[in-house]
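Reader: I would like to learn how to read a sheet and a helix pair. Please take one feature at a time.

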Amino acid sequence: MSSNSFAYSEQSGGGEATELGQEATSTISPSGAFGLFSSDLKKNEDLKQMLESNKDSAKLDAMKRIVGMIAKGKNASELFPAVVKNVASKNIEIKKLVYVYLVRYAEEQQDLALLSISTFQRALKDPNQLIRASALRVLSSIRVPIIVPIMMLAIKEASADLSPYVRKNAAHAIQKLYSLDPEQKEMLIEVIEKLLKDKSTLVAGSVVMAFEEVCPDRIDLIHKNYRKLCNLLVDVEEWGQVVIIHMLTRYARTQFVSPWKEEDGLEDDEKNFYDSDDDQKEKTDKRKKSYTMDPDHRLLIRNTKPLLQSRNAAVVMAVAQLYWHISPKSEVGIISKSLVRLLRSNREVQYIVLQNIATMSIQRKGMFEPYLKSFYVRSTDPTMIKTLKLEILTNLANEANISTLLREFQTYVKSQDKEFAAATIQTIGRCATNISEVTDTCLNGLVCLLSNRDEIVVAESVVVIKKLLQMQPAQHGEIIKHMAKLLDSITVPVARASILWLIGENCERVPKIAPDVLRKMAKGFTSEDDLVKLQILNLGAKLYLTNSKQTKLLTQYILNLGKYDQNYDIRDRTRFIRQLIVPNEKSGALSKYAKKIFLAQKPAPLLESPFKDRDHFQLGTLSHTLNTKATGYLELSNWPEVAPDPSVRNVEVIELAKEWTPAGKAKKENPAKKFYSESEEEEDSSDSSSDSDSESGSASGEQEEEGDSSDDSSEDSSSEHKSDSESASEVGNKRTAKRNSKSKRKRDSEDGENENEKSKTSDSSNADSSSIEDSSSDSESESESESESESRKVTKEKENKTKQNINPLTKDVSLLDLDDFNPVSTPVALPTPALSPSLIADLEGLNLSTTSSVITVSTPVFVPVKTHVLLHRMSGKGLAAHYFFPRQPCIFGDKMVSVQITLNNTTDRKIENIHVGGKRLPVGMQMHVFNTIESLEPEGSITVSMGIDFCDSTQTASFQLCTKDDCFNVNIQPPVGELLLPVAMSEKDFKKEQGMLTGMNETSTVIIAAPQNFTPSVILQKVVNVANVGVVPSGQDHIHRFAAKTVHSGSLMLVTVELKEGSTAQLIINTEKTVIGSVLLRELKPVLSQG
């Protein structure tokens, strides 16, 4: 029993005794009705006895059965006293199931739950994260005001817990506490503010949900976290994505200027027919210059786009509504394909999606026209889906496709579903009014339907024909005569009333038929429906005014009948008509205008879509579905005329790193001195003016990007995601190269210009949120190279600020003494590590982590180097390349894996200009390439270093290795063990961390091997050969422990090999990165098993 039970119990609802009765009926004894109760009582007594047993196995079995009952919707509340006794059980599995039960019934049995409150408080300190989270859930489920202070304290503590799962539950508890005691709002907002800064994807969705429930108006809490939420969005769980997207949609509508202004403006310009071409051009240019999309606005649109491929319909719908409400009109079209894809889902999803498409298709027909056939009705569709599809087909109808649609409608009219057939006839009527070219065709088709056998079809046709005839009454006298004959056969009141109304309106065009129709109606007046009676009275009045000679007595007869009718509406109408049309001494001034009142020209009805007015509700919401404002609905605000200050979303750079000094070197505090030497500065300025700007790396990206007019969606993915540390280290790398030779200085200067241009085209948010982008766990701590790059970045920022006013006179020592590096371009015969011992010593002394003293990178255990073929000499036309992983921290970025490549020239001629060409990297992956090698002598060899951020995955990094004449496609795929860095920690710390990484974060397997393979030296050799892990000292001979952390996210990877009796051992891996953990388990198992 693991997290599945917890996830389920969050939603487990209240169906109770319905199935209990059904199940019990099968056990009723023939003796009578008492069998029901006796069997049920006996069954529960059995469970109670098992719960009071001394054996854990019996208790566990009982709890499984009870949770099973809850899952089936049965009432298990009477077992509460027996279950709650086991809340302090030492068996983890029993305790987990008890908490599942208590979450469900704590609210109903509050008094009993309160008795165990001290146990829940103790459980909040439990080493197991699942127990801590469950205790908090139970505590927040006891809805008694007296324990509000205890809940508040528990939430505050849980919000600072090391486990993201516990923090997630703290966010859930905030909503429960707020509904119990709204006065706690201010304190809860403080906790929400703290949790919003959380870097874990597990927490993000839950805390935004709490924000939406407690303080949706506090937009200021989102500013600093906006870019982080945008970047984390892809990795958050699906329901969290829905909540975050809806919140960010509201946020965007308050913080950015409308992207529709430019397009609206251009449309207005087109109306100025008499403007000269020059004036028109000036205005267009002015409009274009006036609107520039905010980079943060673009960031949101770009980061939500991949979610259109989500398997969750709610996520796709949320992204669709975001694009509809905040993206430029030219970009909205991409959502149509995704929405049409959702029409393959079940009928409930189809219903919601079709409703939203119906609203969209009114305003923008072009979006869905290519998918017209997707909206054709299937015979298996339920009526509600059929009606919505008809609505969309009507909205999409135009001169080009109407003939196809009318043929489709002809089939629908013959449907056995009468409600759908009637809706189709209404649809034909709407198409006839919207498209004047087919009005006559539709009318003739509807007249043909008047001879249909089905009364409902005929009745609906009559109603629609009546509306169409109002538009051009003079041309269709024959149709009116035909409809008058139908009065004898049609019984549907609405249809009869429509025919009478038509005859009354056109009584002067059918002078012979109208009096006869009135005579027939007068005969059966008393048996008609109220709706028809009112139209008979109207017809009588109109004929009295136009043909009183024939109909005077008939009308008076009808008025007398109406005077004593049971319905007061008819009696009132009768009195009103009599006073109006029959003049006498009491008649008022209106009698003179009776003819004008009754025979006035009526406006033709406007046949509109029922979805026309729904667009003022946010798409995808309950309010939009119901077409009425639902409780808790938050309206979208109008776009601001002037955008609020965008700088509120800037995240301050932490300036801790500038205090660090390398070991054995004095700290120099002269701010006037440059980061690089004077001679280098002079060379830079002579090479290129823009190169000096790129010294600050991405740190100055924010200022550069303010002038950005728009974001190009076709940007190279690798340049989009560049981080500060990477840009900074690239510049450092270029400077090193400049020291080597004069010819290289010029080339690197050009590279710097290219890099600078790249950084200008990317969003400022990439620079600002680089510290947040890839972090997914709270147990992260900074490695040595991370601290190093951060120090370098801050120093460069300071240099940028003082550059204009300061004239460097002396040469300064840089943060890293670059002489410590091995020369990069010197040919070497054998692969050697890129870092010298002196630099490794410097790096080992560098640690800025304040979060935990446990995680410190240690020196890797020596293993023979495993070389992999990158490019075979036959494929590379004489150029051979091999790569290996030196298992050292990467100098190019703290999140990168160090890779060393050995290039060999096996030909008898010089190979020139060896460099990395095009890169095809998965999303998020980054690569720092080696500097171009100008030439490689025959039979020569050279080893170069690269850094690749594999994002904690074994995905392949594909790129081109190019020479002057050729380019070769090559791939680097890392073994899972090379994505780790060894960690030094004590046994006590290991056990503590392992205790917090159980449950869903633990995978294990049993290994069978010969006893001689289980000696400490053999196990150590086999494990470190597979994975770059550090050895943890162990006080027990039969337990071997190893620790590492992932290079990208810094998540711990704890490996335990526990020897059992005989020739078996248990391999256990604890990590938050469960995918990497399971892959490592699969790789270690065969290695440890073999002889």
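Reader: Which residue in strand 7 is the bridge partner of isoleucine 911?

Author: Leucine 936 is the partner of isoleucine 911. This is a predicted model, where local features need pLDDT of at least 70, side-chain atom pairs count only at pLDDT 80 or more, and totals for chains, interfaces and linings use all residues. Residues are numbered from 1 along each chain as its sequence is written, and side-chain values use heavy atoms, with hydrogens and water left out.

Reader: How many bridges join strand 5 to strand 7?

Author: Two strands pair if DSSP finds at least two bridges between them; strands (E, at least two residues) and helices (H or I, at least four) are DSSP runs, numbered from the N terminus. Here 3 bridges join strand 5 (residues 911–920) to strand 7, and the two run antiparallel.

Reader: In what order do the strands of the open sheet stand?

Author: The order of the 4 strands is 7-5-9-10, with antiparallel pairing. Strand 7 (933–936) and strand 10 (967–972) are at the edges with a single partner strand each, so one side of each has no neighbour in the sheet.

Reader: How are two packed helices described?

Author: One gives the angle between their axes and the distance between the axes. Axes are lines fitted to C-alpha atoms, for helices over the stretch in contact (heavy atoms within 4.5 Å), and angles run from 0 to 180 degrees between N-to-C directions. The axes of helix 30 (residues 530–546) and helix 32 (residues 568–581) come within 10 Å and cross at roughly 5°. Helix 30 and helix 32 are therefore roughly parallel, a term for angles under 35 degrees. Among the residues making the contact are Leu537 of helix 30 and Ile577 of helix 32.

Terms used: Angles under 35 degrees count as roughly parallel, over 145 as roughly antiparallel, 65 to 115 as roughly perpendicular and the rest as oblique.
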